[in-house]
Amino acid sequence: MKTLKQNAWLLSLVTILTFGIVFVLAGSPWAEPPKEIRIGATVSMSGKFSTEVGPFKQLMDAYAAEINAQGGIYVKGTGSRLPVRFIVYDDKSDGPTARKFYERLISVDKADILLGPYSSPVTFAASLAAEENKVPFIAICANSHKIYNRGFQWIVCVIDKAPLYTHRYWDMIQAEAQAKTVAFVVEDTLHPQGVYRGAKKLSETAGLKEVLLKVLPADTHDFTAAIVKIQEASPDIVFVSANVPFSIAFMRQARELGLNPKEFHVIHHGGVFKKGLGAGAEGVVGQSYWTEGMNYGHPEQFVAVMERSGISLDDFPWAPAYMMAFEVATQAIERAGSLDKKKLMATLKKLKVMTIGGVVSFAENGVGTINTYPSQIIDGKYHIIWPPQVATTGHRYPGL
Amino acid sequence: MIQVLISGLFLGGVYALLAVGLSLAFGIMGVLNLAHGSLAVLGAILYKKSLVLYPFSPWFFCVLAAPIFLCLGFILHLTIVAPFRNLSLSASVVASLIASLGVALILEDLFVWWQGWEPISTYFSFPIFNLLGLKIPGLRAVLMGTAAITIGLSTLFLKKTDRGRSMRALAQDRETASLYGIHPGITSMSALGLAAMLAGLAGIFYSALYPLGPRDGLDLTLKALFIVVAGGMGNLRGPAVTGLLLGLIESFAGFFFTYTSTDTMVYSLLVIYLVVKRGRRRQ
């Protein structure tokens, strides 16, 4: 009986010691070194934003393949190059779903660093998971001030704040001095509202007068009443701050009803917009992160990634912004020399790196420096039109 | 202002086309077909896909699409009506309702799989006419005319042809109609074929001006149902007039008030109308 008790005690002691050793070693310098770099992300493969970024898992996998073909990313702490693996889920264009998946990426998949989802509303929800669990989070296409005014410490964003989104366009308008008035058509959602607020101030600075503002629900189908009012106001520029489905619907009816200002500016005028409008898209000005002919950083690597992914830049104009986020993540890991999350975040905060869209660095609240360039659809192709040192062609006023 | 009026009339014409089909199916078979709006979305998708092959005008494509939708209506009849014909009236109505909801949901998923989440948007360039100094958007005017002609032809079909008269007889008294040799199965199948055809054409017209989403089918059904409830179940004239009125209300609400107030205004008017109508009937 006594022997049985002694054995039970001994067994318990061994079990406790074994668990203790495992726990201590797991968190110690003797723990097994990482074999790969895990980058977690969600992509809107379905839902309303799938038209914008649907196939971007392919883009991520193509980037990983490019990097891994060179041996991976050098991590000084491990003394070797580590291969990159993206772990990606479909957030269904929905904030709560994205947050759930980011929690999974952190707790189950043990992601070393996170890339943000598409859009401000989804990023707003998803970034909470990163902040609560103290994991570096690189936001991409999400520049609403509401995300960065929360005092979060674990978020940075590649792109500049929404109000400055169109500043180069207004610089151009001011320099050309041909337009005097502007009418704004704004989709009543987070990002378009943010862009509008900035554009309003920038247009005033450029010397333009706002003659009409129409803020409309995202699901508006019939724009006749708004178009009639714009015709009455007769502005030089009609500035449409909206997502793609809204922009297509508005522009199609504007063309059909004969609205003919000097220029239409549609902030999101990517390939889906161009296809949806056909000839009606000709001459429309919008914003682009990158077009062929720009020579910042390593455009050849971006072209190779795009080719490998099979994604068309025309159809998915946000691909360059994602590429910049990949470049930022790569540089942060290399410079930190470690996958330790605190070190990675500290490195990110003081990072200054050249990307295909220009130099990226981050403000105290995490907002980045990359901004779009005004681009115009001319003969069915996108051309950067300002500033002159980056422009691939000159600006034309279609309505003149 | 005239553009707002024309736009409202056009929108109303499309709503009318959509609602007339739903009303027809309900009046003759007692079936509330919740897949009706999904058929409209299918019309829009087919038109969009066809444009890759050839730049058809919407009205010409309607001629090609009409027999396809007629056949789809027959198939739909075999799915949501025929299997339940031996049940009691109330049980068959509920069963058909649920079956049509199932069809609508399956179709929505198929649409997303087939053409993705891109808005179903077709662009057809058409000149603007100048009439006494007024700018008349040609596309809307022609589409409005085509919608009116389609409704007119459907009414003529119901009034002047044997099959149409059979449908009306069945709607009035199913048992007596059967005694006079009208086959309920074939007649109701024809009615659902005609309803599906009207839904498909409405979708083609709608997509020629407004983008549709692959999951907009149930929204369209709801709108059509609203018109049918307000205009009177089972007849054609009421929903046609109510559809036109709804289009005008939506357009002018967006012009005089804000766009966000449009739905509130429309549904408030429906509630007021139904309360007044019900009050009058009680008196």
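Two strands count as paired if DSSP finds at least two bridges between them. The exercises below use a predicted model.

**Exercise 1. Give the strand order of the open five-stranded sheet in chain A, and say which strands stand at its edges.**

Solution. 
1. The order of the open sheet is β4-β1-β5-β6-β7 in chain A, and the pairing is parallel.
2. β4 (84-90) and β7 (155-157) of chain A each have a single partner strand, so they stand at the edges and one side of each is left without a neighbour in the sheet.
3. Ignoring direction, neighbouring strands of this sheet are turned by 25° against each other on average.
4. As for the partner of β7(A), strand β6 (residues 137-139) of chain A pairs with β7(A) in the parallel sense over three bridges. Within β7(A), A:V156 stands opposite A:I138.
5. Helix α3 (residues 56-69) of chain A lies across β1 (37-43) and β4 of chain A, and runs at about 175° to β4(A).

**Exercise 2. Describe the pairing of β13 with β14 and of β15 with β16 in chain A.**

Solution. 
1. Strands β13 (residues 352-355) and β14 (residues 358-361) of chain A run antiparallel and are joined by four bridges.
2. β13(A) and β14(A) form a hairpin with two residues between them. A:T355 has A:G358 in β14(A) as its bridge partner.
3. Strands β15 (residues 373-378) and β16 (residues 381-384) of chain A also pair in the antiparallel sense, over four bridges. Here A:Q376 has A:H383 in β16(A) as its bridge partner.
4. The hairpin of β15(A) and β16(A) has two residues between the strands, and A:D379 takes a positive phi near 50° in this hairpin.

**Exercise 3. State the domains of chain A and describe how they touch.**

Solution. 
1. The domain assignment gives domain 1 (37-159 + 295-369) and domain 2 (164-288 + 374-384) of chain A.
2. Taken over C-alpha atoms, the centres of domain 1 and domain 2 of chain A are separated by 29 Å.
3. In the contact, 14 residues of domain 1 of chain A meet eleven residues of domain 2 of chain A.
4. On the side of domain 1 of chain A that touches domain 2, the elements giving two or more residues are α2, α5 (120-133) and α6 (145-148) of chain A.
5. The residues of this side of domain 1 of chain A divide into three nonpolar, seven polar and four charged.

**Exercise 4. Which elements of chain A supply at least two residues each to the side that touches chain B, and which gives the most?**

Solution. 
1. The contact takes 28 residues from chain A and 24 residues from chain B.
2. On the side of chain A, α2 (50-53), α9 (224-233), α10 (244-256) and α11 (271-277) each supply at least two residues.
3. α10(A) gives the most, with six residues.
4. By type, the residues of the side of chain A that touches chain B are eleven nonpolar, 13 polar and four charged.

Methods:
Residues numbered from 1 in each chain as written. Chains lettered and ligands numbered in written order. Predicted model: local features only at pLDDT ≥ 70, side-chain atom pairs only at ≥ 80, totals over all residues. Contact = placed C-beta atoms within 7 Å. Nonpolar A, V, L, I, M, F, W, Y, C, P; charged D, E, K, R; others polar. Domains from an automatic or database assignment. Axes fitted to C-alpha atoms, helices over the stretch in contact; angles between N-to-C directions.
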